[in-house]
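Here is a briefing on one protein model. Look over the sequence and the fold, then read the points below.

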Amino acid sequence: IPSLIDKADLLNKRKQTIGSKCQIFYQNDPFVVSRGAMQYLYDENDEKFVDCISNVQHVGHCHPTVVESICRQVGMATCNVRFVSPLLTQCAEEILKTVEGTGLDTILFCNSGSEANDLAVRLARDYTKQHDVVVLDHAYHGHLTTTMEMSPYKFDHGCTIKQPEWVHVAPTPDVYRGKHRLSDENLINDAALHVAGQQYAQDVKDILVQNESNGRHVGAYIAEALQSCGGQIIPPKGYMTSVAKHIRAHGGVMIIDEVQTGFGRIGDKFWAHQLHNDGFVPDILTMGKPMGNGFPVAAVVTRKEIADSLGGAVGYFNTYGGNPVACAAVLGVMKVIREERLLDHSKQMGILFEKELNNLQSKHECIGDVRGVGMFWGLDLVTDRKSRQPATELALALIMKLRQEHNILLNADGPYCNILKYKPPLCFNEEDLKLSITALDTALSELETKF
Ligand code: PMP
């Protein structure tokens, strides 16, 4: 009951009992959630906030269809996955339908994005018999030891886990502030984007060749289809197909991490790796967050021959991975996506986002770049457009002001923590967008001269 939450007391108790390294949003003034409903979150005083952050609660916080599906199954059976449940197969069929005709025909379930990526790397190694992995700079693939070892987002920032010798870091295909950056005019020039994409793909090839001369062999390239923690990066068209050509020529496979970007986040396509419509198909696809709308469930989709290579004589068993309640959550999510035509909605919202955010950029010098698609957008804040110096302090002040004065929850991320990220539940609508844009406009006008 919201009015019974004493925030000061709660935070005090939390400090005494919960590990001090557990991360939270708004470190200096944490946000207490009393309840959620669709694209809104309510704080300890039952005050309503527009949630532009929660990509996990994909079809809306506590969407009644998903709640009903989970609750019904909790009362029916919650068994260990070594018992056979029809829900698992039903769930598999629904997910595999989204990649029909691509050769991706087999699924393995687990409980989190980290587990999915860990399993994906194990599959890649068992299938290719090659051990090393190429990752992108600034990437995050999870909190398990293996996935931390594949996450420059962590090991480059003072983590006790260091980059191991089997991990090789390629430059992020970021055309705004990466290695092969483009001028402002060329950011929307297809030919220039293509050249940059090929240069970034060549960087991956160079790593493969260099490794082989050192006797090391890459079994997998792993990357998000659109890099999220790395700063809402959209790789240029042609990049992934070229990387795939190089990786496969050297005996490796392509793992695409869609833990954040899948399930229609980018609009009319179900998966973000389908964005460029260029026929690119990963060998292994991982998914998580939006899949259960907040209920822990994740999966790896691959080809049968790859799945069959896993573990030699030893089978795969994961107590909760694909348990019937998790499957009920996924089936609920898939039903809502279908019935509420959320892919269409996400696509239409993408068009509005582009218009509104470009308009905002024309009014505020501190917005250096606007990039995104569907319901996945980033505003790259800079201290000056020419140097593209990241405006980290402005971003942090802005997200606090938006929350305190406008009841808007937005986040800042990226290697310099200067990218404002929109990744709301897909039920986020035009009214919510306009409200947040008006708030951003006001807050930017007040803050941009101060930083
Ligand atoms: N991959 C990506 C791209 C992620 O963003 C995350 C979580 N932020 C993970 C993997 C790990 O997922 P989980 O926290 O569910 O283990």
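How many residues surround the ligand, and which are the closest? The shell holds 16 residues, and Ser 112, Gly 113, Ser 114, Gly 142 and Val 259 are the closest. Being near means that a residue's C-beta atom, placed from the backbone, lies within 6 Å of the molecule or strand.

This is a predicted model: local features need pLDDT of at least 70, side-chain atom pairs count only at pLDDT 80 or more, and totals for chains, interfaces and linings use all residues. Residues are numbered from 1 along each chain as its sequence is written.

**Ligand shell**

- By class, the shell around the ligand has 3 nonpolar, 10 polar and 3 charged residues.
- Helices (H or I, at least four residues) and strands (E, at least two) are DSSP runs, numbered from the N terminus.

- Val 121 lies in helix α4.
- Val 121 is buried because 23 other C-beta atoms lie within 10 Å.
- The burial classes have cut-offs: buried is 20 or more other C-beta atoms within 10 Å of a residue's own, exposed is 12 or fewer, and partly exposed is in between, with C-beta atoms placed from the backbone.
- Leaving out residues up to four places away in sequence, Val 121 touches Val 133, Thr 146, Ala 220 and Ile 222.
- Contact means that the C-beta atoms of two residues, placed from the backbone, lie within 7 Å.
- Val 121 and Thr 147 are 26 residues apart along the chain, and their C-alpha atoms are separated by 9.0 Å.
- Leu 123 is also found in helix α4.
- Leu 123 counts as buried because it has 27 C-beta neighbours inside 10 Å.
- Its contacts, not counting residues up to four places away in sequence, are Ile 284, Val 300, Thr 302, Ile 306, Ala 307 and Leu 310.

**Helix α8**

- In helix α8 (residues 239–249), the buried residues are Tyr 239, Met 240, Ser 242, Val 243, Ala 244, His 246 and Ile 247.
- What covers them includes α7 (190–213), β7 (218–224) and β8 (253–257).

**Packing of α3 against α10**

- Two packed helices are described by the angle between their axes and the distance between the axes.
- The axes of helix α3 (residues 86–97) and helix α10 (residues 324–339) come within 9 Å and cross at roughly 35°.
- On α3, the contact is made by Leu 87, Leu 88, Gln 90, Cys 91 and Glu 94.
- On α10, the contact is made by Pro 324, Cys 327, Ala 328, Val 330, Leu 331 and Met 334.
- These contact residues of α3 and α10 divide into 9 nonpolar, 1 polar and 1 charged.
- Axes are lines fitted to C-alpha atoms, for helices over the stretch in contact, with angles from 0 to 180 degrees between N-to-C directions.

**Domains**

- The protein is divided into domain 1 (64–339) and domain 2 (341–450).
- These bounds come from an automatic or database domain assignment.
- The centres of the two domains, taken over C-alpha atoms, are separated by 26 Å.
- Contacts join 19 residues of domain 1 to 23 residues of domain 2.
- On the side of domain 1 that touches domain 2, the residues divide into 9 nonpolar, 7 polar and 3 charged.

**Asp 432**

- Asp 432 lies in helix α13 (residues 430–447).
- Asp 432 is buried, with 20 other C-beta atoms within 10 Å.
- Leaving aside neighbours within four places in sequence, Asp 432 is in contact with Gln 39 and Val 50.
- Asp 432 and Tyr 40 are 392 residues apart in sequence and 9.7 Å apart in space, C-alpha to C-alpha.

- Tyr 26 has a positive phi near 50°.
- Tyr 26 lies in the loop between α1 (7–17) and β1 (35–37).
- Tyr 26 counts as partly exposed, with 14 C-beta neighbours inside 10 Å.
- His 138 has a positive phi near 70°.
- His 138 lies in the loop between β5 (132–136) and α5 (145–149).
- His 138 is buried, with 25 other C-beta atoms within 10 Å.

Key:
Ala, Val, Leu, Ile, Met, Phe, Trp, Tyr, Cys and Pro count as nonpolar, Asp, Glu, Lys and Arg as charged, and the others, Gly among them, as polar.
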